[in-house]
Amino acid sequence: MKRHDHPQIEMQIAPMIDVCFLLLFFYILTSKPVKPEADMDMTLPGTVSQEEAIDIPDEQIITIQDNGQIVLNDLPLDKPDSRELPALLATLKRFKESADANKSRALITLDVADNAVHQRVIDVLNSCAQAGIQGVTFAGATEEEP
Amino acid sequence: MIDVTLLLLFFFMLAGKITKGEKLLDIKVPTAATGKIPTDEGDRDVVNIDGDGRLFSGSRPVTAKELASHLRQRFKDYPPLKLYIRADAGTHGKKIKEVMAIASEAGAIEIIFGVTPK
């Protein structure tokens with residue numbers, strides 16, 4: 001009976017390491033670092049909708065209009081197309097200082113227009129956070145759907 | 001050896017492309033300087049809203065009604081409910097308010113907006 005001679009197979013380690021390094025290098029170069037996402041949190045008001053406005057002394061209403069214009073208590077602040085909001089930030093800082101001096105909690109109510117973009121809302125929340133104001137609520141967030 | 005290298009290369013290229021397609025629904029969250037990197041992300045429910053206002057519970061497309069019932073169930077099973085809203089920077093305020101109203105009715109106590117730190 002004929003016997004097959006199998007050649008001895010040896011594992012070639014050196015080229016394997018070369019290939020591994022090559023692939024590793026390639027993927028390190030081509031991989032994009034994933035940016036971690038950060039949080040901007042806010043507490044929701046209760047689920048019961050309020051019929052009449054409660055008289056809270058240290059409450060300011062910021063309206064964000066469709067075009068991105070920021071209006072603080074009927075006073076337009078900053079340009080609608082600018083991401084920087086220096087006038088709003090300065091006003092909010094003064095508001096926070098006076099609320100602290102009166103030992104009351106600074107409250108901001110955001111009234112966002114239907115077509116205002118989300119980035120603008122975040123810009124305003126960002127200014128509130130920079131001014132150190134924690135109490136921010138959304139107007140109309142608890143309204144019933146028609 | 002060259003065959004193996006090419007095979008591996010093709011495999012990783014295709015795998016990279018597939019994962020890119022599945023990744024995060026192509027939502028560009030807004031940027032903010034004061035965003036805080038969270039240390040614990042376990043206790044939150046994720047709602048994605050894309051630029052056209054479509055809602056996704058995680059990566060599953062849902063209607064407003066489905067989202068409301070999902071959140072109510074989630075609140076019943078594991079209170080308290082924190083909602084992580086990953087909305088595209090171009091999403092309209094109407095949609096954000098709608099989701100917040102749903103969350104509020106479902107009993108959420110905290111809303112967290114996803115942002116990219118500047």
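Chain B has a mean pLDDT of 80, and 83% of its residues reach 70 or more. The structure is a predicted model, and the predictor gives the complex an ipTM of 0.75 and a pTM of 0.73. Where pLDDT is low, the predicted coordinates should not be read in detail.

- Chain B contains 3 helices and 6 strands.
- Read from the N terminus, the order of these elements in chain B is α-β-β-β-β-α-β-α-β.
- Chain B is 118 residues in length, and 32% of them count as buried.
- Taking the contacts in chain B between residues at least 6 apart in sequence, 77% join residues at least 24 apart.

**The contact between chain A and chain B**

- Chain B puts 38 residues into the contact, and chain A puts in 35 residues.
- On the side of chain B that touches chain A, at least two residues each come from α1 (2-22), α3 (93-106) and β6 (108-117) of chain B.
- Of the elements of chain B, β6(B) gives the most to this side, with 10 residues.
- Sorted by class, the side of chain B that touches chain A is made up of 22 nonpolar, 10 polar and 6 charged residues.

**A β-α-β unit in chain A**

- In chain A, β5(A), helix α3 (residues 118-131) and β6(A) form a β-α-β unit, and this unit is right-handed.
- The two strands of the unit, β5 (residues 107-112) and β6 (residues 135-138) of chain A, run parallel and are joined by 4 bridges.
- Within this pairing, A:L107 stands opposite A:G135, a residue of β6(A).
- In a regular strand the side chains alternate between the two faces of the sheet.

**The helix α3(A)**

- The helix α3(A) has 14 residues, and at 1.5 Å a residue these should span 20 Å.
- Of the 14 residues of α3(A), 13 are buried, so the helix is largely enclosed by the rest of the structure.
- A residue counts as buried here if 20 or more other C-beta atoms lie within 10 Å of its own.
- Just after α3(A) comes A:G132, which takes a positive phi of about 85°.

Technical notes:
Residues numbered from 1 in each chain as written. Chains lettered and ligands numbered in written order. Pairing = 2+ DSSP bridges. Right-handed = clockwise from strand over helix to strand, strands pointing away. pLDDT = per-residue confidence, 0-100. Contact = placed C-beta atoms within 7 Å. Nonpolar A, V, L, I, M, F, W, Y, C, P; charged D, E, K, R; others polar. Buried ≥ 20, exposed ≤ 12 C-beta atoms within 10 Å, placed from the backbone. Expected span 1.5 Å × (residues − 1).
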